[in-house]
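Let's read a protein structure together, one question at a time. Keep the picture open as you go and try each question before you look at the reply.

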Amino acid sequence: MRQNPIRSLATASILFLLLPLVVGATSFLLQTSAPPATRIPSNIAWTSETLARASGGDAFHGMLLARRCDHCHGAEGFSPAAATPNLAGIDRPSIWKQLEDFRTQKRISPVMQPIVASLSERDVADVAAYYSMLPNFPDPQDNRSFPQSAPQPAHVALASRLVSTGDGERGIPPCQACHGPVAYRTGAPALSTQNADYIVRQLQNFADNTRSNDINMPMRTIASLLTEEEKHALAEYYGSGLGMLPAAATAPR
């Protein structure tokens with residue numbers, strides 16, 4: 001059958017006009033279906049070389065650098081403000097990682113980032129060396145907020161269970177598995193002498209993903225599973241100094 005040349009021309013013209021729309025739609029679908037870029041939580045990888053860099057600081061030089069930190073973190077490494085972390089006695093790798101995460105903007109803080117931006121990697125190791133050597137016992141000259149008042153017995157029991165055994169039904173491991181049986185373990189931020197207000201704020205930040213510098217997401221996962229009461233109970237438990245005792249010793253009889 002002979003085709004009508006006018007109709008064929010009209011059909012070709014319509015296809016020509018629709019071609020950019022089809023191509024544009026295909027491109028849009030490909031762009032919107034592309035997987036999101038992978039976010040790296042921290043530039044730190046724990047190798048023997050990294051541990052050597054983190055542990056090789058000069059404590060005396062770190063003491064000089066840390067004078068700018070006294071206003072918030074206290075001259076003895078214990079803060080007078082309950083919402084500010086205590087740094088005294090925390091091991092070198094833990095402090096070094098957090099400062100490096102601030103420096104590389106993997107952990108966001110409008111206060112810390114301008115301060116750490118002026119430090120070199122070596123300076124960061126020196127500051128970590130200084131704070132790691134500060135004693136934990138009270139000094140008459142400091143005005144620390146730690147320890148805070150003991151929590152109510154129900155919160156002690158709740159926190160003690162989470163610290164020692166976790167909650168297997170919800171996939172929550174015991175806190176002491178990472179942070180140690182007396183809230184201290186090298187490589188994990190020490191909680192044994194940490195302020196309650198700071199701990200509960202960090203748990204909330206991990207839970208809502210506003211803090212995300214935990215490698216392999218352990219804290220973001222666990223914090224998102226905790227109830228508000230559990231977060232506060234854990235913060236009060238550590239903030240009152242109970243973390244320095246084995247969890248079994250604080251469990252209700």
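Q: How far is the sulfur of C69 from the closest cysteine sulfur, and in which residue is that sulfur?
A: This is a predicted model, so every distance here is computed from it. A disulfide needs two cysteine sulfur atoms within 2.5 Å. The closest cysteine sulfur to that of C69 is too far away for a bond, since it sits in C72 at a distance of 8.4 Å.

Q: How many disulfides does a search of the whole structure find?
A: A disulfide is a covalent bond between the sulfur atoms of two cysteines. C72 is in no disulfide, with the sulfur of C69 as its nearest cysteine sulfur. Searching the whole structure gives a count of 0.

Q: Is C69 buried or exposed?
A: Buried means under 20% relative accessible area. C72, at 37%, counts as partly exposed. C69 has a relative accessibility of 18%, so this residue counts as buried.

Q: How many helices and how many strands does the chain have?
A: Read along the sequence, the pattern is α-α-α-α-α-α-α-α-α-α-α-α-α. The secondary structure therefore comes to 13 helices and 0 strands.

Q: Which residues does I95 contact, leaving aside its neighbours within four places in sequence?
A: Leaving aside neighbours within four places in sequence, its contacts are L87, I90, A128, Y131 and S132.

Q: How far apart in space are V127 and W96, C-alpha to C-alpha?
A: V127 lies in helix α7, and a relative accessible area of 5% makes V127 buried. V127 and W96 are 31 residues apart in sequence, yet their C-alpha distance in space is 8.0 Å.

Q: At roughly what angle do the axes of α10 and α11 cross?
A: Two packed helices are described by the angle between their axes and the distance between the axes. Helix α10 covers residues 196-207 and helix α11 covers residues 218-225, and their axes come within 7 Å. The crossing makes α10 roughly perpendicular to α11, at roughly 100 degrees.

Q: How many nonpolar, polar and charged residues are in the contact of α10 with α11?
A: From α10, the contact is made by L203, F206 and A207, while α11 brings M219, R220, A223 and S224. Sorted by class, these are 5 nonpolar, 1 polar and 1 charged.

Q: Which helices do the buried residues of α11 pack against?
A: The buried residues of α11 are R220, I222 and A223. They pack against α10 and α12 (228-239).

Q: Which residues does S212 touch, not counting residues up to four places away in sequence?
A: S212 has its place in the loop between α10 and α11. With a relative accessible area of 8%, S212 is buried. Not counting residues up to four places away in sequence, S212 touches R39, P41 and R220.

Conventions
Residues are numbered from 1 along each chain as its sequence is written. This is a predicted model: local features need pLDDT of at least 70, side-chain atom pairs count only at pLDDT 80 or more; totals for chains, interfaces and linings use all residues. Side-chain values use heavy atoms; hydrogens and water are left out. Axes are lines fitted to C-alpha atoms, for helices over the stretch in contact, and angles run from 0 to 180 degrees between N-to-C directions. Helices (H or I, at least four residues) and strands (E, at least two) are DSSP runs, numbered from the N terminus. Angles under 35 degrees count as roughly parallel, over 145 as roughly antiparallel, 65 to 115 as roughly perpendicular and the rest as oblique. Contact means heavy atoms within 4.5 Å. Ala, Val, Leu, Ile, Met, Phe, Trp, Tyr, Cys and Pro count as nonpolar, Asp, Glu, Lys and Arg as charged, and the others, Gly among them, as polar. Buried means under 20% relative accessible area, exposed over 50%, partly exposed in between (1.4 Å probe, protein chains only).
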